[in-house]
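Let's take a friendly walk through a structure, going from one element to the next. Keep the viewer open as you read.

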Amino acid sequence: MDDMTTANQTPARRPRVFSGMQPSGAFHLGNYLGALKQWVQGQDEKENFFCIVDLHSLTVQQDPAALRQRTREFAAMYLAAGINPDRCSLFIQSHVAAHAEGCWLLNCVTPLGWLQKMTQFKDKAARQESVSAALLDYPVLMAADILLYDANEVPVGEDQKQHVELARNIGERFNHLYGETFAIPEPMIPKVGARIMGLDDASRKMSGSNAHIRGHAVRLLDEPKEIEYVFKRAVTDSHGEIRFSDDPERAGVNNLLGIYKVITGRSEEQVLADFASARGYGDLKMRVAEVVIEELGPIRERYHQLIAEPAELDRLLAIGAERARSVAAPKVREMMEKMGLVVA
Ligand code: TYM
C-alpha cells in the first residue's frame, strides 16, 4: 500500500507539514516571524507542502491584476526566505483542483453553526458591506487544504489556531461518517512570534490589510531607511522599563522585545542582558531595527533575483503543483467513492 496517500496507518513516513498564506495585502514581519521562519527552520526533518492560497484571497474582492502579481511575489518570497524547493512542494492553490473539489465534499459534512462561530468570520464580516458565501466557507477550504495531504502538523500564527481546530473537527466528522480517511492535524504555534502586534498600535495584530498605513507594519521588502523610520515611531509606554510583560499597557515594549527574541533566537534572560545597558526606549528601538534590517537584507536581495527570473519561478511552481496533485487527487477520489459518487 502506498504510504504517501493513505491516512492513519502508523506511517513510516516523516511527519507531513502543510501551511499557506493568502496573497492579499503586503507580506509583513508578522507573516514572516509567525509562520514562514518556522517553516524554513523545520523543513529538513519533515515532508512539506507550502501553498499560496489564492482561492482564499478571493473571499474578499480583489483587483485581478494585482492578485495575479502578488501570488507570484509571495512564491518568490517563500523561496527568498529559504524554502528549499527540493525539500518542499511549493505551489499555488488554484493549480491543484483537488482543493476546490475537496472543499465542496467537506461542505457537505460541515454544520453551518461551526462556521458561524469562527471569530475571523465575525470580524471580517462586520467590516464588509457585502459578505460573500465564500467568506463563511473559508475555513472549510482551509480544512480541505490540510486534510487532503494527511498533514500531521500545521505551523501557523495564533490567529489561525481556531481554523486548524475546525479542520480537526471536520476531519474527525468525516472519518466518523465514512470511515478512516484523514489524519487529524495538530496546529503548531510558535512560543514567541505567534502574534506580532502593530507597531503603531500594540493592541491590534500586525496585518496585511493595514500594512499600507505607514508605521503599522514592517513589510518584507522595505528598505533599511523605512524599517528604521517605522521602529523609531513604534509605540511604547511611559514606564521607561525594558522588560517582557503581559500588561496591555506595556504591549508595545513587549512586542519589540518579542521581535528581537525570535530573530536572534536568544532566551528571555539573554535578551534582557542585551538591553541592560540600553539608554531608554530609543536604544531599544534602534537595536531591534538593526536586527530586523540584518535579517531581511539577504531575503530582499534574493527576492529581487528570483522575481527577475519568472521562467524559473514558474518551473518550480509547476513541479510543486505536480507533486501536490499526486497526493491530493487520489485523496479526493477516495472521498468521492466513500460518499457514493460514481467515480469515473
Ligand atoms: P494569513 O495569510 O492571514 O497569514 C499567513 C500566516 O501568517 C501568520 N500571521 C501572523 N503571525 C504572527 N503575527 C501576526 N501579526 C501574523 N499575521 C499573520 C498567520 O497566522 C498565518 O500562519 N487562513 C490562512 C491561510 C491558509 C492556511 C491554510 C494556513 C489557508 N489554508 C492551511 C495553514 C494551513 C490565512 O489567512 O493566513
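In which helix does aspartate 145 lie? The model here is a predicted one, and in it aspartate 145 belongs to helix α7, which covers residues 133–147. This aspartate is buried yet has no salt bridge. The nearest side chain of opposite charge is that of lysine 124, 12 Å away. What surrounds aspartate 145 instead? Setting aside neighbours within four places in sequence, aspartate 145 is in contact with Phe18, Val53, His56, Gln93 and His99.

From here, turn to the strands. Strand β1 (residues 16–21) has 5 of its 6 residues buried, so β1 is largely enclosed by the rest of the structure. β1 runs parallel to β2, and 6 bridges join the two; arginine 16, for example, has glutamate 47 in β2 as its bridge partner. Strand β2 (residues 47–52) also pairs with β3, again in the parallel sense, over 5 bridges. Here phenylalanine 50 has leucine 90 of β3 as its bridge partner. In β3 (residues 88–92), 5 of the 5 residues are buried, so this strand too is largely enclosed by the rest of the structure. Both of its faces are covered: Cys88, Leu90 and Ile92 are buried on one side, Ser89 and Phe91 on the other.

Now for the charged pairs. A search of the whole structure finds 23 salt bridges. One of them joins aspartate 44 to arginine 87, with the closest N and O atoms 3.1 Å apart. This pair links distant parts of the chain, 43 residues apart: aspartate 44 sits in the loop between α1 and β2, and arginine 87 in the loop between α3 and β3. Aspartate 44 is partly exposed at 47% relative accessibility, and arginine 87 is partly exposed at 41%.

In α12, glutamate 290 and arginine 287 lie 3 residues apart, about one turn of the helix, and their closest N and O atoms are 2.6 Å apart. In α13 (residues 310–339), arginine 315 and glutamate 312 are likewise 3 residues apart, and their side chains meet at 2.9 Å, N to O.

Finally, look along α12 itself. At 1.5 Å a residue, its 28 residues should span 40 Å, and the end C-alpha atoms are 40 Å apart, which agrees. Even so, α12 bends by about 30 degrees at leucine 296, with proline 298 following within four residues.

Note on methods. Residues numbered from 1 in each chain as written. Predicted model: local features only at pLDDT ≥ 70, side-chain atom pairs only at ≥ 80, totals over all residues. Heavy atoms only, no water. Buried < 20%, exposed > 50% of the residue type's maximum accessible area, 1.4 Å probe, protein only. Lys, Arg positive; Asp, Glu negative; His and termini not counted. Salt bridge = Lys/Arg side-chain N within 4 Å of Asp/Glu carboxyl O. Contact = heavy atoms within 4.5 Å. Pairing = 2+ DSSP bridges. Expected span 1.5 Å × (residues − 1). Bend = angle between axes of the 7 residues up to and from the residue.
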